[in-house]
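Here is a short briefing on one protein chain. Look through the sequence and the model, then read the points below.

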Amino acid sequence: MTDLKRRVWEKNGELSESEKEIVRFLFSNSTLCSHLSLAKLAKKLYVSESSIFRLCKKIGLSGYSELRFELSDLTHEKKMNTIDIATEVENASQEVLNYYNTLDLEKVFSDIERANTIYLYSTGWSQELIAKYLAHELFIIGKRAVILPSAIEELRIVSRRAVEEDMLFIISYSGDNIQIRDEISKIKLLNNKITTVSFTTLRPAELISLVDYSFFFRTLKFEKFSGGEEEATNDAFSPAYTFIDLLIAKYYQWEEQKGELDNVDYDEE
């Protein structure tokens, strides 16, 4: 955190709403503002020069010149963070590829091929987006996918609706959900013909022991600062999408190779 962010955070409770609006603009446009004169910035914000000067004093700066210097530091930090993010994305992509290369996918591909319907259950908004993406990719390879609403009752319905060789994907951030584990246990007791797959960020031992296949993905952590408010870390799920791309591409390749082998066997007969 730069000194400017720290100063604003410490004085956040003393700032008026109009001053917070100024701070938000400064943080969102640090490069531009670091090059503007006090008069031009005041005109751009539709406030008086004295309002900006009072804000500088309130957050412990000597004046507008020091504010411009701090904004230059903030711009530099953003550039460094961009570099770090690019490196993080590159590293995450390599990790996904390394993990993917360790997997033996023959059995799960055979199950996907035989499945009449693949049910997709997710536990949150980001996970639901992943489910929609997976459904789209499954459609491309000719598989019928049904996205279930994020309600435990939907899992109970699956146990009654699913037929032999159907599949159920559980897409969860951690997989550490007692209700989900209980329902998966019941599904296994009531309908042991359905194949279950978990897709989570962590390796929850109890869930792994209940499902037929377990896949994992990591998330990317991005820090966010919204002018005068506490910093937060957001999760980005791009590695999950990368894994799905690899999985579907490999399935398509597997299916083609299997077809070629079947044709060879038929010709030999």
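Is tyrosine 173 buried, partly exposed or exposed? Tyrosine 173 is partly exposed, with a relative accessible area of 28%; buried means under 20%, exposed over 50% and partly exposed in between, with a 1.4 Å probe and protein chains only. This is a predicted model, in which local features need pLDDT of at least 70 and side-chain atom pairs count only at pLDDT 80 or more, while totals for chains, interfaces and linings use all residues. Residues are numbered from 1 along each chain as its sequence is written, and side-chain values use heavy atoms, with hydrogens and water left out.

**Overall**
- The chain has twelve helices and seven strands; these are DSSP runs numbered from the N terminus, with helices (H or I) of at least four residues and strands (E) of at least two.
- Of its 269 residues, 43% count as buried.
- The accessible surface comes to about 15,000 Å², and 51% of that belongs to carbon and sulfur atoms. Areas come from the Shrake-Rupley method with a 1.4 Å probe, and for residues only the protein chains shown count as cover.
- Among contacts between residues at least 6 apart in sequence, 68% join residues at least 24 apart. Contact means heavy atoms within 4.5 Å.

**Aromatic pairs**
- The count is eleven aromatic pairs. Rings of Phe, Tyr and Trp (its six-membered ring) pair if their centres lie within 6.5 Å; planes under 30 degrees apart are stacked, over 60 edge-to-face and the rest tilted.
- The ring centres of tyrosine 173 and phenylalanine 237 are 6.1 Å apart and the planes stand at 65 degrees, so this pair is edge-to-face.
- Tyrosine 173 sits in the loop between strand S3 (167-171) and helix H10 (178-190), and phenylalanine 237 in the loop between strand S7 (232-236) and helix H12 (238-268), so the pair ties together parts 64 residues apart in sequence.
- Phenylalanine 237 is buried, at 10% relative accessibility.
- Phenylalanine 217 and phenylalanine 237 have ring centres 6.0 Å apart and planes at 50 degrees, so that pair is tilted.
- Phenylalanine 217 lies in the loop between strand S5 (213-216) and strand S6 (220-224), and phenylalanine 237 in the loop between S7 and H12, so the pair links parts 20 residues apart in sequence.
- Phenylalanine 217 is buried too, at 4% relative accessibility.
- One aromatic cluster is formed by Tyr99, Tyr173, Phe199, Phe215, Phe216, Phe217, Phe237 and Phe243.

**Strands S4 and S5**
- S4 (residues 195-200) and S5 run parallel, joined by four bridges; strands pair if DSSP finds at least two bridges between them.
- Serine 198 stands opposite serine 214 in S5.
- From S5, Tyr213 and Phe215 point one way, Ser214 and Phe216 the other way, and all are buried.

**Nonpolar cores**
- The largest core has 33 residues, and Phe199 and Phe215 have the most contacts inside it. A nonpolar core is a set of buried Ala, Val, Leu, Ile, Met, Phe, Trp, Tyr and Cys residues joined through side-chain atoms within 4.5 Å.
- Elements giving two or more residues to this core include helix H6 (64-101), helix H8 (125-140), S4 and S5.
- H12 gives the most to this core, with seven residues.

**Cysteines**
- The model has zero disulfides, counted as pairs of cysteine sulfur atoms within 2.5 Å.
- Cysteine 33 is buried at 0% relative accessibility, and cysteine 56 is buried at 1%.
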